[in-house]
Amino acid sequence: MIDYRIEAPPILRDFLTYHETIQGHSKKTVDEYFLDLRTFFRYIKIEKGRVPRATPLEQISITDVDLALIRSVTLTDIYAYLSFLSRDRVKNANDPNSRHGLEVSSRARKVATIRSFYKYLVTKAKLLDESPIQELDSPKIRQTLPRYLTLEESIQLLESIDGDNAERDFCIITLFLNCGLRISELVGLNLADVRGDRLRVLGKGNKERIVYLNAACQAAIEDWLAVRAQSGAADPYALFITRRHTRVTKAGIHKMLKTRFNAAGLDSSKYSAHKLRHTAATLMLQNGVDVRTLQEVLGHEHLNTTQIYTHVDSGALQNAAESNPLGQIKAKPRRGRPPKQKED
């Protein structure tokens, strides 16, 4: 159980508390910040000679990290740390067979955490005059298109749902595909969050938004509530419950989706709850929803997060090129120059 309030030194604790209370970041996000900084300062303590070099990283305490150590960090130290992450860091410390070297996305996140920490010390805590890593560049992340279901595959998935818990599972998948919910948002839904044609969603950082329900979503919810009302619930507030009448869990949703994907003839190793969110975003964009509106629907804080969904297929790109009104304008032959002869 992670508790930065116990494990972190005061200077790190203040930074993490600031993000949790003032910035409104979720506990999970703040815990990830702490883990990133803990690994970083464990490494720095070794490099600065504060602990023997042979000391296992996981055994190093950071409770004694102070401003002097933080101020001693240089850009060279950061580059050495990134090299350590890409070559020597175990991907999963709890797995003895885990490979070494973190993915570029993981390294980029850790850089962002370190940069944020030093920015806080300069602009908020006023403990540093300038950040020693202000010139640090983030590792370049290769942009990949999110995987999603086609419209035909989405219909295939929905039409294949039957058997036990059919009404519940159909409703869950319908909300994923029509509203683009995160799995954590769906699991947290309560009965009181359904308000006619609107759904109250509690997103990242406890930020509330309203998602409008189309006819398919409203019908699916109505069908599920009729079934739910026939049995008691250990959690009387939860919108979605299990056969044991407890609130559904993330693990339970993942397991259910895997079963439903397989039953629909879809490769369950390629798709997940998050891929259904990708699908919802993609289908909305393909059918005329603008990016700004989609940002609100998905609950993204920054527009650049939403823009990863603005991918289109090659056919759409070809149509866009051919739709340009200048596409029919061709150069006139130059005077005095004979037409170019084809080569044999």
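Three strands make an open sheet in the order S1-S2-S3, with antiparallel pairing. Strand S1 (194-195) and strand S3 (208-212) are at the edges with a single partner strand each, so one side of each has no neighbour in the sheet. Strands here are DSSP runs of E with at least two residues, helices are runs of H or I with at least four, and both are numbered from the N terminus. Two strands count as paired if DSSP finds at least two bridges between them.

Before I go on, this is a predicted model, in which local features need pLDDT of at least 70 and side-chain atom pairs count only at pLDDT 80 or more, while totals for chains, interfaces and linings use all residues. Residues are numbered from 1 along each chain as its sequence is written, and side-chain values use heavy atoms, with hydrogens and water left out.

Let me walk through the sheet. S1 is joined by two bridges to strand S2, residues 198-202, and the two run antiparallel. Arginine 195 has arginine 198 in S2 as its bridge partner. The hairpin of S1 and S2 has two residues between the strands, and glycine 196 there takes a positive phi near 65°.

Valine 201 is opposite arginine 209 in S3. This hairpin has five residues between its strands, and glycine 205 in the turn has a positive phi of about 65°.

Now the chain as a whole. It has 15 helices and three strands. Of its 344 residues, 38% count as buried, meaning under 20% relative accessible area; exposed means over 50% and partly exposed in between, with a 1.4 Å probe and protein chains only.

Next, a helix pair. Helix H7 (residues 151-159) and helix H8 (residues 166-179) pack at about 165°, with axes 10 Å apart. The axes are lines fitted to C-alpha atoms over the stretch in contact, and angles run from 0 to 180 degrees between N-to-C directions. That makes H7 roughly antiparallel to H8, a label for angles over 145 degrees; under 35 is roughly parallel, 65 to 115 roughly perpendicular, and the rest oblique. In H7, Ser154, Leu157 and Leu158 meet Phe170, Ile173, Thr174 and Leu177 of H8, where contact means heavy atoms within 4.5 Å.

Asparagine 165 sits in the loop between H7 and H8. Its phi is near 60°, positive although the residue is not glycine. Most residues other than glycine have a negative phi. Asparagine 165 is partly exposed, at 26% relative accessible area.

Last, the loop between H10 and H11. Histidine 245 is located there, and its phi is near 70°, also a positive value in a residue other than glycine. Histidine 245 counts as partly exposed, at 29% relative accessibility. Proline 236 lies in the loop between helix H10 (215-228) and helix H11 (250-263) as well. Why does proline 236 count as partly exposed? Because its relative accessibility is 47%. Leaving aside neighbours within four places in sequence, proline 236 is in contact with Leu191 and Arg228.
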